[in-house]
Amino acid sequence: MMLPRFYPIFDDVSWLERALPLGVKLVQLRIKDRPVDQLRDQIRRSLALARQHGATLVVNDHWQIAIDEGADWLHLGQEDLDHADLPAIRRAGLRLGLSTHDHAELEWALACNPDYIALGPVYPTILKKMRWHQQGLERVTEWKRLIGPIPLVAIGGFTVDRAKGAFDAGADVVAAVTDITLNPTPEARIREWLTT
């Protein structure tokens, strides 16, 4: 399965309204700490936008809403994986991406038969507090060797300039967050990413 190489992650549908018309074809909606009705509205609107632009939306964490709203993709972190109903997710036909940070998590993730594996943080990240230090490009190469044909998503501290190193190390996809959202000209930055 071929995924687009660029994978932005946003925390609000308003970012999708800006990114999808530029040609982004794979995007994650990662929202934390909002009431369920707001989550449902954000996911519903994001799915409609993605379909309108021929893009793939990956819903982060909220597996029941993803099922209810007819999403095609779900991303789970390790903490969320412990509480998710994997049989229900699979019955609903959702494709599944899973976060990994160490060998034990990778082993557990592979047992879940995921549609992609994410590794991070490859570089230091300011997005969230992590108990893992940067993984480095050597770990990207190791992970790709261990997972074989499953797509590998590299995440954490990526800029346009760092993307080539990840691809050269074996990543199939590079995810970006703050390189876009904190950029003074996000649309221009997205266009740069789309040409990497």
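## Basis of the model

Helices (H or I, at least four residues) and strands (E, at least two) are DSSP runs, numbered from the N terminus. This is a predicted model, in which local features need pLDDT of at least 70, side-chain atom pairs count only at pLDDT 80 or more, and totals for chains, interfaces and linings use all residues. Residues are numbered from 1 along each chain as its sequence is written, and side-chain values use heavy atoms, with hydrogens and water left out.

## The barrel

Eight is the strand count here: a closed barrel of 8 strands runs β1-β2-β3-β4-β5-β6-β7-β8, with parallel pairing. The twist from one strand to the next averages 25 degrees. Two strands pair if DSSP finds at least two bridges between them. Strands β1 (residues 6–10) and β2 (residues 26–29) run parallel and are joined by 2 bridges. Ile9 has Gln28 of β2 as its bridge partner.

Helix α10 (residues 186–194) packs on the sheet and touches β1 and β8 (173–176). Its direction makes about 150 degrees with that of β1. Helix α6 (residues 103–111) lies across β5 (95–100) and β6 (116–119), and runs at about 170 degrees to β5. Such axes are lines fitted to C-alpha atoms, for helices over the stretch in contact, and the angles run from 0 to 180 degrees between N-to-C directions. Contact means heavy atoms within 4.5 Å.

Buried means under 20% relative accessible area, exposed over 50%, and partly exposed in between (1.4 Å probe, protein chains only). In α8 (residues 160–169), the buried residues are Val160, Ala163, Ala166, Phe167 and Ala169. Seen down the axis, they fall within an arc of 155 degrees, so they line one face of α8. The arc is that of the directions from the helix axis to the C-beta atoms. Asp161, Lys164 and Asp168 are exposed, on the face of α8 turned away from its buried side. The cover over the buried residues of α8 includes α7 (136–147), β7 (152–154), β8, α9 (178–181) and α10. After α8 comes Gly170, with a positive phi near 125 degrees.

In α10, the buried residues are Pro186, Arg189, Ile190 and Trp193. Their arc around the axis is only 100 degrees, which puts them on the same side of α10. They pack against β1, α1 (13–19), α8, β8 and α9.

## Aromatic pairs and charges over rings

A pair of aromatic rings is described by the distance of the centres and the angle of the planes. Rings of Phe, Tyr and Trp (its six-membered ring) pair if their centres lie within 6.5 Å; planes under 30 degrees apart count as stacked, over 60 as edge-to-face and the rest as tilted. The count comes to 5 aromatic pairs. Phe10 and Trp15 are stacked, at 5.4 Å centre to centre and 10 degrees between the planes. Phe10 is buried at 2% relative accessible area, and Trp15 is buried at 13%.

Trp73 and Tyr116 are also stacked, because their ring centres are 5.8 Å apart and their planes are at 20 degrees. This pair links distant parts of the chain: Trp73 is in strand β4, Tyr116 in strand β6, 43 residues apart. Both residues are buried. Ring pairs link Tyr7, Trp73 and Tyr116 into a cluster.

A charge sits over a ring if NZ of Lys or CZ of Arg is within 6 Å of the ring centre and within 35 degrees of the ring normal. Arg5 lies over the face of Phe167, at 3.7 Å from the ring centre. The charged end of Arg162 sits over the ring of Tyr123, 4.1 Å from its centre.

## Loops and backbone details

Asp61 lies in the loop between β3 (56–60) and α3. Its phi is positive, about 75 degrees, although Asp61 is not a glycine. Asp61 counts as buried, at 9% relative accessibility. Asn113 lies in the loop between α6 and β6. Its phi is near 55 degrees, a positive value in a residue other than glycine. Asn113 counts as exposed, at 58% relative accessibility.

Glu69 is in the loop between α3 (63–68) and β4 (73–76). At 16% relative accessibility, Glu69 counts as buried. Leaving aside neighbours within four places in sequence, Glu69 contacts Arg40, Ile43, Arg44, Leu47 and Arg51. In the loop between β6 and α7 sits Pro121. The peptide bond from Gly120 to Pro121 is cis, with omega near -10 degrees.
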